[in-house]
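Please keep the sequence at hand while reading.

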Amino acid sequence: MSDIPRPELDTIEKAYARWAPVYDLVFGAVFEHGRHAAIAAAERVGGRVLEVGVGTGLSLPYYSSAVRLCGVDISEPMLRKAQQRVAELGLGNVEALSVMDAEHLQFPDASFDVVVAQYVITTVPHPEATLDEFARVLKPGGEIVLVSRVGAEAGLRRALERWFAPAARNEFAFERYAAWAQNTDGMRLIERRAMPPFGHFSLIRFGKLGGAALACDSEKPSSMRAAG
Ligand SMILES: C[S@@+](CC[C@H](N)C(=O)[O-])C[C@H]1O[C@@H](n2cnc3c(N)ncnc32)[C@H](O)[C@@H]1O
């Protein structure tokens with residue numbers, strides 16, 4: 001991890017070292033709906049799943065035993081909690097939990113069928129570069145599944161956001177995620193679905209072209225679909 005820009009990550013590490021002891025209590029229930037939606041999306045693809053920013057591993061017990069899981073996180077104290085959970089619950093489908101930066105994943109290309117990142121992408125220093133890295137380790141036909149804060153595009157929700165988080169502005173407007181898919185070879189946006197609390201978060205799914213997806217009619221542009 002020598003090429004990680006340390007100052008930005010040090011701040012994040014320190015913040016999550018403080019959160020680790022109370023994280024489950026504060027953020028367990030409030031993000032539950034999004035976690036279940038992300039897991040359901042990942043399970044539809046199945047196979048080998050990478051959870052980036054796995055944190056204390058709150059989501060790990062909800063995957064079926066058929067799915068093989070790897071988890072990575074920049075915070076060692078958060079990961080220690082995840083390791084404890086895996087041991088206590090005997091989660092045999094968790095292959096590995098490792099300290100790793102989301103933007104510099106230490107996995108070969110095309111290692112995973114699904115990359116899941118819940119409540120993570122808005123905390124990393126370079127969201128687009130991080131998404132590039134997710135796409136790199138994804139197998140053709142695989143999916144990136146995010147649950148992420150999305151800036152309100154207009155109206156009252158946008159006004160409230162600016163009031164509560166003036167520094168954040170609209171930097172995570174949905175257009176930013178959509179533009180990444182549009183500008184990235186072989187990736188496409190599959191779905192965006194609002195998630196509680198307050199619709200501030202969305203489930204966002206991207207697909208990597210190739211593999212089984214090519215065999216599916218609905219994946220092709222309409223001009224390529226069989227008539228009738
Ligand atoms: C809001 S928590 C979400 C944890 C978990 N996904 C959940 O649903 O509860 C964000 C997590 O992302 C991790 N994180 C932040 N920046 C990261 C990075 N650059 N690389 C890997 N993990 C990171 C934090 O340490 C923290 O555990």
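Helices (H or I, at least four residues) and strands (E, at least two) are DSSP runs, numbered from the N terminus. The model is a predicted one, in which local features need pLDDT of at least 70 and side-chain atom pairs count only at pLDDT 80 or more, whereas totals for chains, interfaces and linings use all residues. Residues are numbered from 1 along each chain as its sequence is written, and side-chain values use heavy atoms, with hydrogens and water left out.

The chain contains 7 helices and 7 strands. Read from the N terminus, these elements follow the order α-α-α-β-β-α-β-β-α-β-α-α-β-β. Of its 228 residues, 46% are buried, a term that denotes under 20% relative accessible area, while exposed denotes over 50% and partly exposed the range in between (1.4 Å probe, protein chains only). The accessible surface of the chain is about 11100 Å², and carbon and sulfur atoms hold 57% of it; such areas come from the Shrake-Rupley method with a 1.4 Å probe, and for residues only the protein chains shown count as cover. Among contacts (heavy atoms within 4.5 Å) with a separation of 6 or more, 67% join residues 24 or more positions apart.

The ligand is the next subject. Helix H1 (residues 6-19) supplies the largest share of the shell around the ligand, namely 3 residues. The shell has 20 residues, of which Tyr23, Gly53, Asp73, Asp101 and Ala102 come nearest; a residue is near a molecule or strand if one of its heavy atoms lies within 4 Å of it. An oxygen atom of the ligand lies 2.9 Å from a polar side-chain atom of Arg35. A nitrogen atom of the ligand is 2.8 Å from a side-chain N or O atom of Asp101, and a ligand nitrogen is also 2.8 Å from a polar backbone atom of Ala102. On its own the ligand has 590 Å² of accessible area, and the protein covers 97% of this.

Helix H5 (residues 127-137) includes the buried residues Pro127, Thr130, Leu131, Glu133, Phe134, Ala135 and Val137. An α-helix has 3.6 residues a turn, so residues three or four places apart point the same way. The buried residues of H5 pack against several elements, including strand S1 (48-52), strand S4 (112-118) and helix H7 (174-183). Within H5, Thr130 counts as buried because its relative accessibility is 1%. A polar atom of the Thr130 side chain lies 2.8 Å from the backbone oxygen of His126. Beyond its neighbours within four places in sequence, Thr130 contacts Ala102, Glu103, Ile121 and Val124.

Not counting residues up to four places away in sequence, Arg85 touches Asp24, Thr56, Gly57, Leu58 and Pro61.

Gly92 lies in the loop between H4 and strand S3 (94-99). Gly92 is classed as exposed because its relative accessible area is 76%.

Definitions and conventions. A polar contact is a pair of N or O atoms within 3.5 Å; within protein, one must be able to donate a hydrogen and the other to accept it, and residues adjacent in sequence count only if both atoms are side-chain atoms.
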